[in-house]
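Please find below a short note for a colleague who is meeting this structure for the first time. The points are numbered so that each can be checked against the display.

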Protein chains: 2
Amino acid sequence: MKVSTRGEYGVRAMVALARHYGEGPMSITDIARVSSVPPAYLEQLIAPLRRASLVQSKRGARGGYILARAPEQVRIGEIYRVMEGPVAPMDCVSENLADQTCPLIDNCETRPVWLKMRDSIVDVLDSTTLADLIAPSTKVPRELPVSRTA
Amino acid sequence: MKVSTRGEYGVRAMVALARHYGEGPMSITDIARVSSVPPAYLEQLIAPLRRASLVQSKRGARGGYILARAPEQVRIGEIYRVMEGPVAPMDCVSENLADQTCPLIDNCETRPVWLKMRDSIVDVLDSTTLADLIAPSTKVPRELPVSRTA
DNA sequence: TGCTAACCTTCCGTAACACTCGGGTCAACC
DNA sequence: GGTTGACCCGAGTGTTACGGAAGGTTAGCA
């Protein structure tokens, strides 16, 4: 169960825009460089973010993209849903009720786990904003491999 | 981000075995019928569960599978990992440290969210056992669609 | 000595993923 | 007013994983 590069790159791009917030538009090329995303691909990914009004675009020379709202006002969950669709580790617990089409749903004994999983994912995504991510303190050191000291 | 049918079917099959616990071996055909999984596919899925010692097999006539431990002793997380691999909504936060190969990992600003997401998923999976799922009280009613009353 | 059922390997069609490419359109600036 | 920088839009493409099916082999029970 992986989130695709759409979600990964989408969030990275939005973080780049958040860091640049208040300093005018940022071009695809710049965003791509800063966030390490292939520029041609990024162009495709940023379109849905614009349609969802999470970013605003400015065309022509000196154009680019800006965050439509302040970083504190943008939940990661919003970005996630635009890029990946409704949170749904399994169709039967999709945020989009129309996707809950499994015929076994009403007496399925496994569904409660998936439901709890979905809720916990939603909680993480919706309780974090772009501002939280660009705050210096949030960086978490990686778990280190077992030390093989002398 | 979806868990595949491997995880879905694997957990369903284990629940079937849990309900049948203490009543002798259950054949693939029976498990498949009870849990609504294509029998030929189930045969493939149950093999890794046996290799991981989550189930035991008995060959020959009257053979089949039994749970290797009591339902209270089997965490859903164990089943999940056998079927789906390490919990890893993104490689950079995989439970398998060897998968954390992203070169950006050390000063990535987005990683904290994915890490929190992984931890919350792990918590759900490892705090639930097969016994929890077959207890009658755990069934959760589905959210109802918006009523379109007369 | 059959019948049953697990075991094992191989194969295959479909679909999603992760991009690239080419052209069109718009807005500044000179 | 034309050139240039940049967004906009659709199509196309190689690779991989998913979701199975098929067929043969081995082991235990009656």
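1. The model is predicted, and the points that follow should be read with that in mind.

2. The area buried between chain B and chain A comes to about 4700 Å², of which 64% lies on carbon and sulfur atoms. As background, the accessible area lost when the parts come together is often used to give the size of an interface.

3. Charged and polar pairs also cross this interface. Four salt bridges are found by the rule between chain B and chain A, and A:Asp91 with B:Lys2 forms a salt bridge in which the closest N and O atoms are 3.4 Å apart. Between chain B and chain A, eight residue pairs are counted in polar contact, both residues being at pLDDT 80 or more.

4. Which residues touch the most other members of the largest nonpolar core? That core has 86 residues, and the ones in question are A:Met14, A:Ile79, B:Met14 and B:Ile79. For B:Met14, once its neighbours within four places in sequence are left aside, the contacts are B:Leu49, B:Leu54, B:Val55, B:Leu67, B:Val74, B:Ile79 and B:Leu130. In general, nonpolar side chains in soluble globular proteins tend to be buried together.

5. A reader checking the backbone may wish to look at A:Ser53, which has a positive phi of about 60° although it is not a glycine. A:Ser53 sits in the loop between α3 (39-51) and β1 (55-58) of chain A, and because its relative accessibility is 47%, A:Ser53 counts as partly exposed.

6. A:Arg62 is located in the loop between β1 and β2 (64-67) of chain A. Is A:Arg62 exposed or buried? With a relative accessibility of 82%, which is over the 50% cut-off, A:Arg62 counts as exposed.

How values were computed: Residues numbered from 1 in each chain as written. Chains lettered and ligands numbered in written order. Predicted model: local features only at pLDDT ≥ 70, side-chain atom pairs only at ≥ 80, totals over all residues. Heavy atoms only, no water. Helix = DSSP H or I, 4+ residues; strand = E, 2+ residues; numbered from the N terminus. Buried < 20%, exposed > 50% of the residue type's maximum accessible area, 1.4 Å probe, protein only. Buried area = accessible area lost by both parts, 1.4 Å probe. Salt bridge = Lys/Arg side-chain N within 4 Å of Asp/Glu carboxyl O. Polar contact = N/O pair within 3.5 Å; in protein donor to acceptor, adjacent residues only side chain to side chain. Core = buried A, V, L, I, M, F, W, Y, C linked by side-chain atoms within 4.5 Å. Contact = heavy atoms within 4.5 Å.
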